[in-house]
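Work through the exercises below with the sequence and the model at hand, and try each task before reading its solution.

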Amino acid sequence: MTRAAITGWGKCVPPTVLSNADLERMIDTSDEWITVRSGIKERRISHVEPSEMAAVASEHALAAAGRDIGEIDLIIVASCTSDSVIPATAAHVHRLLGAPVPTAAFDLNANCSGFVYSLINAAKMIESGMHSRVLVAATERLSALLDFTDRSTAVLFGDAAGAVVVEPTEEDHGLLSGFVQMDSSALGYLEVPNDGLSGMPARSLEPPHGGITMNGREVFRRAVVAMGDLSVRAVAEAGLGLEEVDLLIPHQANMRIIDATAKRLKLPSEKVYTNIHAYGNTSAATIPVALVEALEQGYISAGANVVFAAFGGGLTAGAAVLRWGERTEPLGRSEASLAPTDRSLMELLEANFRVYGYPEKLR
Ligand code: UT7
């Protein structure tokens, strides 16, 4: 039986840090409020387009898999913050990686559930024989959508990219189960209003233009239910008992949502990987970035049963169970990194202030 396994993994986190202390100087908030309510301490602000972060993460994933881009026949880019509407971000990633003409590429926008949606799609295409090696890159430049006059959302999001190479295996590992869903009855609870043109308004649109708006309490409530339900269902579908789960890698939106999901799976905290304190909510990128760090930190051993669970705008949700293979070390390493920037944090955020208005303490 052919299954789809993750054979390579990579991440790209931009160097510029926006800390809770920085936010305290900009808006009426506190490190304590942000930490207690969300678990976030700092997040990254990108100086490049989503495709550039995706390309760096992908180079690392390809090296880890021991693969050249010419051996990949499909690239899926999970993102809601595209470089451009036309072409898709996947086209930019394809070009940056030097992918040859027959390699297919498309964007998949399932908001924060984008990686889980993409991983399941990649796996099913491999299982069906339609594609033989798929690169899934999740990349988000959410900082471009942040309105720093709205403290309830501005403190939550950040930028990053993560990527995995997915390949067929005949062995007893790979994707065991996966579920995705959409609840459009609540689509207005998390949105970018008036965003008909581009995911990058800070660069391309004149005001009035909305930043991210969210009904935090309603999204929180639904996230807890959906991530818990789908995770339990995916574990059962994989033929596993809850006690056989070795690691939960959840979407990193809120530490309290993560704790509630872990509780539904009856998992102790050492079986839950979190890095929300370092990067905040990077939408589709949270899970692949966390996967890379979990591997680097020895959280995943050969044969481990790993649960991915996500929730986001739409409202989308997804969960998947993957049994890890033998290899937990990369086959090779890439030197790829982002071009450096000499722009300061405030220079990077200036475009947001011009579009959405200056935050209260900078007025
Ligand atoms: O990735 C996609 C999915 N997204 C999520 O899953 C996010 C889900 N929601 C959440 O994570 C939480 O709802 C938040 C972290 C966004 C908010 O936490 P909360 O416990 O639901 O707070 P709240 O929205 O109920 O606000 C509580 C209070 C309010 O003040 P009052 O009305 O009680 O006086 C807010 O005005 O906290 C106030 N507040 C803030 N205070 C300091 C809101 N934002 C801030 C802030 N700093 N940044």
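This is a predicted model: local features need pLDDT of at least 70, side-chain atom pairs count only at pLDDT 80 or more; totals for chains, interfaces and linings use all residues.

Residues are numbered from 1 along each chain as its sequence is written, and side-chain values use heavy atoms, with hydrogens and water left out.

**Exercise 1. Describe how helix α3 and helix α4 cross, and which residues make the contact.**

Step 1: Helices here are DSSP runs (H or I, at least four residues) and strands are runs of E of at least two, numbered from the N terminus. The axes of α3 (residues 50-65) and α4 (residues 89-97) come within 9 Å and cross at roughly 50°, where an axis is a line fitted to C-alpha atoms, for helices over the stretch in contact, and angles run from 0 to 180 degrees between N-to-C directions.

Step 2: α3 and α4 are therefore oblique to each other, since angles under 35 degrees count as roughly parallel, over 145 as roughly antiparallel, 65 to 115 as roughly perpendicular and the rest as oblique.

Step 3: On the α3 side the contact (heavy atoms within 4.5 Å) is made by S51, E52, A54, A55, S58 and E59, and on the α4 side by T89, H92, V93, L96 and L97. These residues divide into five nonpolar, four polar and two charged, where Ala, Val, Leu, Ile, Met, Phe, Trp, Tyr, Cys and Pro count as nonpolar, Asp, Glu, Lys and Arg as charged, and the others, Gly among them, as polar.

**Exercise 2. Locate the peptide bonds from I86 to P87 and from G314 to L315, and say whether each is cis or trans.**

Step 1: The bond from I86 to P87 is cis, with omega near 0°, and P87 has its place in the loop between β4 (74-78) and α4.

Step 2: The bond from G314 to L315 is cis as well, with omega near 0°, and L315 sits in the loop between β12 and β13 (316-323).

**Exercise 3. Find where K266 lies and describe its phi.**

Step 1: K266 belongs to the loop between α9 and α10 (276-279).

Step 2: Although K266 is not a glycine, its phi is positive, at about 55°.
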